[in-house]
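Please look over the structure shown here with attention to its charged side chains. The briefing below takes up their pairings one by one.

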Amino acid sequence: MRVAIIHDWLTGMRGGERCLEAFCELFPDADLYTLLHIKGTVSATIERHRITTSFIQSLPLAARYYRYYLPLFPRAIERLQLDSYDLIVSSSHCVAKGIRPPPGAKHLCYIHAPMRYVWDQFDNYAHGGRSGVVARLGMELFRKRLQVWDVASADRVDQFVANSHNIARKVQRYYNRPAAVLHPPVDWQTFQAAEHSEDFYLVVTAFAPYKRVDLAIQACNVMKRRLKIIGKGQEEARLRKLAGPTVEFLGWQPDDVVRDHYARCRALLFPGEEDFGIVPLEAMACGKPVIAFGRGGALETVVPLPAATPFTEAGGRGSSGHVSVAGKVATGVFFFTQSIESVVEVMESFERYHAEFDPHAIRDHVAAFDRRLFKERMSALAMGALAGTAS
């Protein structure tokens, strides 16, 4: 069986690349196609595959400013030539799903999100003072055209597999297609529950606009709490200007350093609306609670402690005195408005109830997302796609 794996771009190890790494382990002889590859930015497991890139690779300053070439991405992915493959596995949050499969091949798309830049996250990317005037005008100009292409290219997929129920609903909404659900993997056995915490909060993320790192920074400024931030991205200059003396930027760090910070932090701050979000699971695998915005993928991974959640989504006050919800141990708290005031309020409440979280129970909650289970399920889905049956 000849397999080709398609991934949008290879510029760092984030959540999508963790899934890609598992695909590369499942199909060690597969060829890998992508818009752009910056050597050394992804794991050896990924880079040992034969990697073919698009014409985006040779465009001026593409390594740093590739996102500005977004209007060219559909053409670039369609010009990648795939021949004589039995199975195409696309790992897509932008245009990878739009690859043109060769005749006779089956195409399974593991979708992290429909193209978020032109759908529900458009305002976060195009407006709010985070993009230059030229970039905003360009996104407005090309948005409709990219939406049309995104919907039309969904017909090239035989089976969608969404990374969450949240994304499965979006696949149905935008493409009118059903999707199986397979949550992304966590290397659960490489993490250990930490019973002690140091006096700092943690953010681990790329600095994309929708991640809302600014909320975490400003809340810690107001409360004068220590905040360590692991990550980089296009928002870095703006975020550094917002940061007060208690905020520390650490850049991207190796996995062992990230695990060490998970183990030592008081809690993870997760202020953006994510499609799914592997980072909260990694923090919980170290027994650490998560303070998250109560929308998107976090609703599928974080079990809230009502006593420490100041407001429910409907706007009423949460109940108190409970350490579990629906029979599950509590693993964090939610806030439901993306404002500095809401983050401050939930952090204050969390600090009052911090002792009620059980690090070992939080870690055990993550076992269901283990990498081994992900690979078993993905293998079954791939075989089902080849056979023309959904799994």
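How many salt bridges does a search of the whole structure find? The search finds 24 salt bridges, a salt bridge being a side-chain nitrogen of Lys or Arg within 4 Å of a carboxyl oxygen of Asp or Glu. The model is predicted, so that local features need pLDDT of at least 70 and side-chain atom pairs count only at pLDDT 80 or more, while totals for chains, interfaces and linings use all residues. Residues are numbered from 1 along each chain as its sequence is written, and side-chain values use heavy atoms, with hydrogens and water left out.

- Arginine 116 forms a salt bridge with aspartate 275, with 2.3 Å between the closest N and O atoms.
- This pair spans 159 residues, from the loop between β5 (106-111) and α5 (122-126) to the loop between β11 (267-270) and α11 (278-285), where helices (H or I, at least four residues) and strands (E, at least two) are DSSP runs numbered from the N terminus.
- Arginine 116 and aspartate 275 are both buried (buried means under 20% relative accessible area, exposed over 50%, partly exposed in between, with a 1.4 Å probe and protein chains only).
- Glutamate 198 and arginine 264 meet in a salt bridge at 2.9 Å, N to O.
- Glutamate 198 is partly exposed at 35% relative accessibility, and arginine 264 is partly exposed at 22%.

**A pair within one helix**

- Glutamate 376 and arginine 372 form a salt bridge at 3.2 Å, N to O, and are separated by about one helical turn because they lie 4 residues apart in helix α14 (residues 371-387).

**A network**

- Salt bridges link Glu21, Glu25, Asp187, Arg371 and Lys375 in a network.
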